[in-house]
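Please look through the sequence and the 3D structure shown below before reading on.

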Amino acid sequence: MSSSFIKDPSALLNYSWDWSAWLAEVADTISSATVTVPVGLTAVGSPVVDGAFVTQRVSGGVVDSVYALVCQITTSTGLVDERSITLTINNR
């Protein structure tokens with residue numbers, strides 16, 4: 001799964017983090033997740049946890065800007081980890 005995407009500034013899209021490989025290594029499950037969205041982008045709603053996936057809907061962005069979305073999870077045993085997705089904003 002890619003960690004870098006191109007987004008149109010007017011697009012309203014879902015971005016997902018796949019934690020399945022890491023969760024299998026640590027034999028754990030996600031109990032909660034937060035997604036940090038930088039200024040210039042808007043998180044629409046709360047992140048959704050579906051098994052080993054966390055999905056956040058995002059809008060906005062300024063053309064020629066690059067943003068990092070950060071997903072932090074806490075597992076049922078208390079482990080905490082985070083991963084980033086990079087969004088480059090271009091007119092499409």
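## Surface and charge

The protein chain has an accessible surface of about 5100 Å², and 52% of this surface belongs to carbon and sulfur atoms; such areas come from the Shrake-Rupley method with a 1.4 Å probe, and for residues only the protein chains shown count as cover. This is a predicted model, in which local features need pLDDT of at least 70 and side-chain atom pairs count only at pLDDT 80 or more, while totals for chains, interfaces and linings use all residues. Residues are numbered from 1 along each chain as its sequence is written, and side-chain values use heavy atoms, with hydrogens and water left out.

The protein chain carries 4 positive and 8 negative side chains, with the centres of the two sets 10 Å apart. Here Lys and Arg count as positive and Asp and Glu as negative, without His and the chain ends, and each charge is placed at NZ of Lys, CZ of Arg, CG of Asp or CD of Glu.

## Fold

One helix and seven strands make up the elements of the protein chain, and from the N terminus on they run β-β-α-β-β-β-β-β. Helices (H or I, at least four residues) and strands (E, at least two) are DSSP runs, numbered from the N terminus. Along its principal axes, the C-alpha trace spans about 40 × 25 × 15 Å.

A nonpolar core is a set of buried Ala, Val, Leu, Ile, Met, Phe, Trp, Tyr and Cys residues joined through side-chain atoms within 4.5 Å. The largest such core has 19 residues, of which Trp17, Trp19, Val54, Leu69, Ile73 and Leu87 touch the most other members. Strand 6 gives the largest share of this core, four residues.

Leaving aside neighbours within four places in sequence, Trp19 is in contact (heavy atoms within 4.5 Å) with Ile30, Ala52, Val54, Cys71, Ile73, Asp81, Glu82 and Arg83.

## Two loop residues

Most residues other than glycine have a negative phi. Ala27, in the loop between helix 1 and strand 3, has a positive phi near 50°, and Ala27 counts as exposed because its relative accessibility is 68%. Asp64, in the loop between strand 5 and strand 6, has a positive phi near 70°, and Asp64 is exposed, with a relative accessible area of 66%.

Methods
Buried means under 20% relative accessible area, exposed over 50%, partly exposed in between (1.4 Å probe, protein chains only).
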